[in-house]
Amino acid sequence: MKRKGVGFSLPVAVVMMVIGFIYFSTVFTFIDRWFSLTSSPGIANAAAFTALALMCVYSYSVAVFRDPGRVPLSYMPDVEDQESPVHEIKRKGGDLRYCQKCSHFKPPRAHHCRVCKRCVLRMDHHCIWINNCVGHTNYKVFFVFVVYAVTACVYSLVLLVGSLTVESQDEDEEMGSYLRTIYVVSSFVLISLSIALGVLLVWHIYLSLQNKTTIEYHEGVRAMWLAEKGGQVYKHPYDIGAYENLTLILGPNVLSWLCPTSRHIGSGLRFRTAFDSVPVSSESKP
């Protein structure tokens, strides 16, 4: 996979600091106070949370540094391809989609990003928190990162609440003030992130089950309205069934769905559609 250029990003730095803060407060405050890091339950929880944190950091790093997908300069749509019945066209004029800024044709599901200043394959959205577009090659790792991040936040919240049930008699006033600050800040951060990331996860599960991108969802709302206005029924062309949609995005092996790998994704220039399973009708006999 190609890598995008590396540069300093304040949002990315903030995310890494938040991950570090949650990790150290969870392991060295919540787990230590509840179980003690020298006990078997403490070691087990610390090991489990460390593994979860490492998966968060790794999947986040891949989402940040992996190129979301570039349109080859040599790309040309094959309008005579009988096996590809869907060719996306402009909303006005009926011409094949052409990017005036990049000066080349756009494959199906590709869009121009004003921030990255180029077209991105199967673009979902530009995310400031990864300083990158979420597109064809890094959508799965972005999705997996959100799953791990939500799990880590909920896990940390459980440990926070559990540690509050433990009363320590040997804490001096200065240590008590320090712990109160840790608990107040951690509670605010964890509750906020759990809600925000939970909503984001539910949203992308919904999109994945229908094989839609965020852009396609908003375009589909308008297309559905126009179809209903014309007395027709709109169907998203890339929706081939919930399970098949998930395998196209997360991979054919269910056991590897939470692994931040994406060897199954293909070129990003062509995608299976609901029309692919429909046989081409032969010419009627006289």
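I looked up the surface first: the protein exposes about 16,700 Å², and carbon and sulfur atoms supply 63% of it (Shrake-Rupley method, 1.4 Å probe).

I noted that this is a predicted model, in which local features need pLDDT of at least 70, side-chain atom pairs count only at pLDDT 80 or more, and totals for chains, interfaces and linings use all residues. Residues are numbered from 1 along each chain as its sequence is written, and side-chain values use heavy atoms, with hydrogens and water left out.

Burial came next: 42% of the 286 residues are buried (under 20% relative accessible area, 1.4 Å probe, protein chains only).

For the fold, I found six helices and six strands, taken as DSSP runs (helices H or I, at least four residues; strands E, at least two), numbered from the N terminus. Their order along the sequence is α-α-β-β-β-β-β-β-α-α-α-α.

I checked the UniProt record, an unreviewed entry, which lists residues 12-31, 43-65, 141-162 and 182-203 as "transmembrane region"; such annotations may be inferred rather than shown by experiment. In the model, residues 43-65 are 100% helix, with end C-alpha atoms 33 Å apart. Residues 182-203 are also 100% helix, and their end C-alpha atoms lie 31 Å apart.

I then looked at one helix pair. Helix α1 (residues 10-34) packs on helix α3 (residues 139-164) at about 35°, with axes 8 Å apart (lines fitted to C-alpha atoms over the stretch in contact, angles from 0 to 180 degrees between N-to-C directions). Among the residues that meet are Phe30 and Trp34 in α1 and Leu159 and Gly162 in α3 (contact: heavy atoms within 4.5 Å).

Conventions:
Buried means under 20% relative accessible area, exposed over 50%, partly exposed in between (1.4 Å probe, protein chains only).
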